Amino acid sequence: TEIYTLSLHDALPIWHQFLILWASAIKGKFTETERAAGKDYNNRIYCATTKDFSYVTPTRLFFDPEFPVSDAIVLPSARWYYLIVKDDTSKPAKKNLRLASSDNLDGPYGELADPFTPKRLWVGHPSAIKIGAEYIVYFDAYVDNHYGAMSSRDLTTWQEVTAKMTFPGEDTPARADRMRQGSVVSVPAALVQALRAAAPAH
């Protein structure tokens, strides 16, 4: 099998295993959407599982909304799981983030909701976290060369909160040192304080 693109994006614990998600465009698959995507971006989401990263189960299709998607992550919340993907459609250009839900991490996931990222931006590489009652989804606005974020309390109504954020490297000339394709994790405050204390002075 010829794979045009392969990007490991996330590994999630599932039933004492890890669920690994990635996007691939496979020659000869989903040819009905090649025109909308371009053959190199006609991605679907695939998965495999592993207990030890030595043996990995055979690849299987994880999510196909009948158009190209990539950059999948899963956000757990109470008894629900929320799959966030990038709509990779090029003609007409979409390049936004959308969300589907399931009561099972392994799926199946329902229909994708409408895009929740700003229409003016091409975005990708989401990363999500819940802070208190608020869900934050970070994204890379790669054409406009900056990071951004959306906020929601119910995963239905969203507001852009980019202006409230400070992202590493975005104060460098032409943002040449800005971060790209990042992931957010929750860590103890003491660890953050220790890292800040150890950072070299500017």
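This is a predicted model: local features need pLDDT of at least 70, side-chain atom pairs count only at pLDDT 80 or more; totals for chains, interfaces and linings use all residues.
**Exercise 1: Arg98**

Find where Arg98 sits, decide whether Arg98 is buried or exposed, and work out what its side chain reaches.

*Solution.* 
- Step 1: Arg98 belongs to strand β7, which covers residues 96-102.
- Step 2: Check the accessibility. The relative value for Arg98 is 14%, and buried means under 20%, so Arg98 counts as buried.
- Step 3: Look for a polar partner. A polar atom of the Arg98 side chain lies 2.9 Å from the backbone oxygen of Ala113.
- Step 4: Skipping neighbours within four places in sequence, Arg98 is in contact with several residues, including Phe67, Leu83, Asp87, Ala113 and Phe116.

**Exercise 2: Thr117**

*Solution.* 
- Step 1: Thr117 is in the loop between β7 and β8, and β8 spans 124-131.
- Step 2: With a relative accessible area of 7%, Thr117 is buried, because the cut-off for buried is under 20%.
- Step 3: The Thr117 side chain reaches the backbone nitrogen of Leu97 at 3.1 Å.
- Step 4: Leaving out residues up to four places away in sequence, Thr117 touches Asn96, Leu97, Val123, Phe139 and Met150. Notice that Leu97 turns up in this contact list as well as in the step about the side chain.

**Exercise 3: Glu66**

Describe the setting of Glu66, and say how far Glu66 is from Arg44 in sequence and in space.

*Solution.* 
- Step 1: Glu66 is in the loop that runs between β4 (60-63) and β5 (69-77).
- Step 2: Its relative accessibility is 64%. Exposed means over 50%, so Glu66 counts as exposed.
- Step 3: Count along the chain and then go through space: Glu66 and Arg44 are 22 residues apart in sequence, with their C-alpha atoms 8.7 Å apart.
- Step 4: Setting aside residues up to four places away in sequence, Glu66 touches Thr33 and Arg44.

**Exercise 4: A patch and a confidence check**

Which residues form the nonpolar surface patch that includes Val192, and how confident is the predictor in the chain?

*Solution.* 
- Step 1: The patch is made of Val185, Val187, Leu191, Val192 and Leu195, with about 410 Å² of accessible area together.
- Step 2: Val192 lies in helix α2, residues 189-198, and is partly exposed at 30%.
- Step 3: The chain averages a pLDDT of 89, and 92% of the residues score at least 70. Over residues 1-9, though, the pLDDT is below 50, even if this stretch has 31 contacts in the model beyond near neighbours in sequence.

Methods: Residues are numbered from 1 along each chain as its sequence is written. Side-chain values use heavy atoms; hydrogens and water are left out. Helices (H or I, at least four residues) and strands (E, at least two) are DSSP runs, numbered from the N terminus. Buried means under 20% relative accessible area, exposed over 50%, partly exposed in between (1.4 Å probe, protein chains only). A polar contact is a pair of N or O atoms within 3.5 Å; within protein, one must be able to donate a hydrogen and the other to accept it, and residues adjacent in sequence count only if both atoms are side-chain atoms. Contact means heavy atoms within 4.5 Å. Patches are made of residues with over 30% relative accessible area and no salt bridge: like charges are joined within 9 Å, nonpolar side chains (Val, Leu, Ile, Met, Phe, Trp, Tyr) within 5 Å. Accessible areas come from the Shrake-Rupley method with a 1.4 Å probe; for residues, only the protein chains shown count as cover. A salt bridge is a side-chain nitrogen of Lys or Arg within 4 Å of a carboxyl oxygen of Asp or Glu. pLDDT is the predictor's confidence in each residue, from 0 to 100.
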